Amino acid sequence: MGLLDWIKLPPPPDAAVQALVERAAALADPLIRQAPGYAKKLLPAVRRAHAYCAGIAAAIPGPYEISRSAFATDPFVHALFVSADDIETMFATSQCVRDHLHEMTLTSGSCCALLGMRHREKAGFGVALQGEVVRSDVPQKTLYFTDHTLAEPGPDAEAARRRLADTLFDGLVKGFAAHVTDVRAERDDLHREEAFTRAWARAGHASALEAADCTRRQAELEKKLRANADALRPAHLLDTLIAMLDDPQPYLRLDPVSIAVDRTGVITGRGEGCGDTLHFCELTARDKRRWVVVLAQIDHTEVRRALERFESARRYIVI
């Protein structure tokens with residue numbers, strides 16, 4: 001056995017991972033491709049970040065059947081919507097449904113999609129039994145959800161989660177790209193201020209004290225411009241992107257929430273044994289807003305009925 005037989009080289013990355021690396025570089029900033037060895041350096045971080053996104057996609061609850069019958073029988077679905085009619089309204093007004101329903105339901109008659117909502121709590125007063133006395137002025141909080149939005153559909157749950165993992169990964173990289181855009185905008189602002197300060201100093205109308213302040217400000221601006229230029233070097237952009245992908249949790253996370261409610265939506269506690277306990281997750285992504293997310297199972301017949309009713313309501317006005 002020769003020396004080379006003892007040397008085991010790591011297997012080359014498959015085409016899918018290589019495509020992820022190139023997509024990350026293109027989305028983040030094309031300058032990254034000018035950094036020597038960018039693909040080899042970026043590959044481990046891309047692999048880890050995509051695995052993290054796949055883990056989040058896998059942890060999203062569901063799929064839950066979202067339909068009028070599920071609203072009547074499933075406490076969780078009942079809590080997500082004010083009425084069964086709101087489910088039909090969501091289907092009928094969803095651009096995702098209009099763009100993808102036919103192709104997604106062509107084979108099995110149903111599909112899965114991400115359902116995102118805002119979690120709200122409203123304080124007020126309600127009726128409650130305290131001992132043997134019914135009181136109508138009891139402080140209560142009501143749980144409700146708004147802004148129902150469907151996205152990232154797939155023909156089944158597995159396909160939807162794969163698509164969602166890719167979308168979450170792209171979102172991470174687009175967040176980095178937005179940061180680079182901000183750095184460039186700051187550079188342009190610094191250049192404008194530096195040019196104005198230089199022109200004002202050359203005018204020769206400043207007092208000795210004002211001239212000293214101007215000189216000090218010019219030095220500060222030049223220092224900031226050098227730091228800004230360094231941050232936009234291809235090698236530095238690559239290192240910053242790798243650091244972000246190696247630790248994506250501050251930019252993308254999924255937090256579990258448990259709230260117990262009765263059938264009217266009144267919060268009875270935050271834990272087990274206090275009513276129908278709803279377990280859901282809140283996704284925080286690059287825009288920092290929190291979305292309650294579940295995987296929704298959508299039936300073609302249910303959606304078609306909603307679309308027909310919606311179109312009918314638009315055509316006729318009762319006076």
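Here's a short tour of a pocket and some ring contacts.

This is a predicted model, where local features need pLDDT of at least 70, side-chain atom pairs count only at pLDDT 80 or more, and totals for chains, interfaces and linings use all residues. Residues are numbered from 1 along each chain as its sequence is written, and side-chain values use heavy atoms, with hydrogens and water left out.

The largest pocket holds about 570 Å³ of space. Its lining is made of 23 residues, with Leu114, Thr167, Leu168, Leu283 and Ala285 nearest the centre. Helix H8 (157-203) is one of the elements giving two or more residues to that lining, and H8 gives the most, seven residues. (A pocket here is an open set of points on a 1 Å grid where a 1.4 Å probe fits, with protein on both sides within 12 Å along at least five of seven lines; lining residues have an atom within 4 Å of a point.)

| Class | Lining residues |
|---|---|
| nonpolar | 13 residues |
| polar | four residues |

Now for the rings: the whole structure has two aromatic pairs (ring centres within 6.5 Å). In one, the centres of Phe145 and Phe280 are 5.7 Å apart and the planes sit at 85 degrees, so the pair is edge-to-face (over 60 degrees). Phe145 is in strand S3 and Phe280 in strand S6, 135 residues apart in the chain.

How values were computed. Points joined across faces, edges and corners; volume = space filled by probe spheres on them. Helix = DSSP H or I, 4+ residues; strand = E, 2+ residues; numbered from the N terminus. Nonpolar A, V, L, I, M, F, W, Y, C, P; charged D, E, K, R; others polar. Phe/Tyr/Trp six-rings, centres within 6.5 Å; stacked < 30°, edge-to-face > 60°.
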